[in-house]
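Here is a briefing on a protein chain.

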Amino acid sequence: MSIKVMVPSGAFGKSPFDSELDSLMRAVGAKFGDPGSWPDKYGATFENDEIVAHEFCWCEQDDCPFCREENPEPNFRLKQTGLEVRWYKYIGRGMETNRQITEEDVTLLRYLSSPGS
Ligand SMILES: [Zn+2]
């Protein structure tokens, strides 16, 4: 069994990219999500070659992969770099990452969230 440690965004030491994570998560949600479910607020549910994402789940069931207490699935995973992000209800609230955000993460996220990519 592997245990994943998620900590509040920024807890690994300040990354110059911490503040941008919020807007990048919103931009990705808006680009790939269903506009009727406010994906720029709660996140989007989709998977493509680069990203696995799931909007915040409100079910609170113990057997739900997103709501279980132990090792819950992240709301966002960047496949290439392994960055994982979780938030509580809304993007930006109680946001946690599995490690410090790097320039590579942000460069990729900027590209993937841009309208033309
Ligand atoms: Zn759930």
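**Confidence**

pLDDT is the predictor's confidence in each residue, from 0 to 100. This is a predicted model: local features need pLDDT of at least 70, side-chain atom pairs count only at pLDDT 80 or more, and totals for chains, interfaces and linings use all residues. Residues are numbered from 1 along each chain as its sequence is written.

- The protein chain has an average pLDDT of 91.
- A score of at least 70 is reached by 97% of the residues.
- Where pLDDT is low, predicted coordinates should not be read in detail.

**Sheet**

- Strands (E, at least two residues) are DSSP runs, numbered from the N terminus.
- Six of them form an open, antiparallel sheet, ordered β1-β6-β5-β4-β3-β2.
- At the edges are β1 and β2 (46–47), each pairing on one side only.
- Two strands pair if DSSP finds at least two bridges between them.
- Two bridges join β1 to strand β6 (residues 96–97), in the antiparallel sense.
- Pro8 stands opposite Glu96 in β6.

**Leu83**

- Leu83 sits in the loop between β4 (76–78) and β5 (84–86).
- Leu83 is buried because it has 22 C-beta neighbours inside 10 Å.
- The cut-offs are 20 or more other C-beta atoms within 10 Å for buried, 12 or fewer for exposed, and partly exposed in between, with C-beta atoms placed from the backbone.
- Beyond four places in sequence, Leu83 is in contact with Leu78, Thr97, Asn98, Ile101 and Asp105.
- Contact means C-beta atoms, placed from the backbone, within 7 Å.
- Leu83 and Met95 are 12 residues apart along the chain, and their C-alpha atoms are separated by 13 Å.

Key. Helices (H or I, at least four residues) and strands (E, at least two) are DSSP runs, numbered from the N terminus. Two residues are in contact if their C-beta atoms, placed from the backbone, lie within 7 Å.
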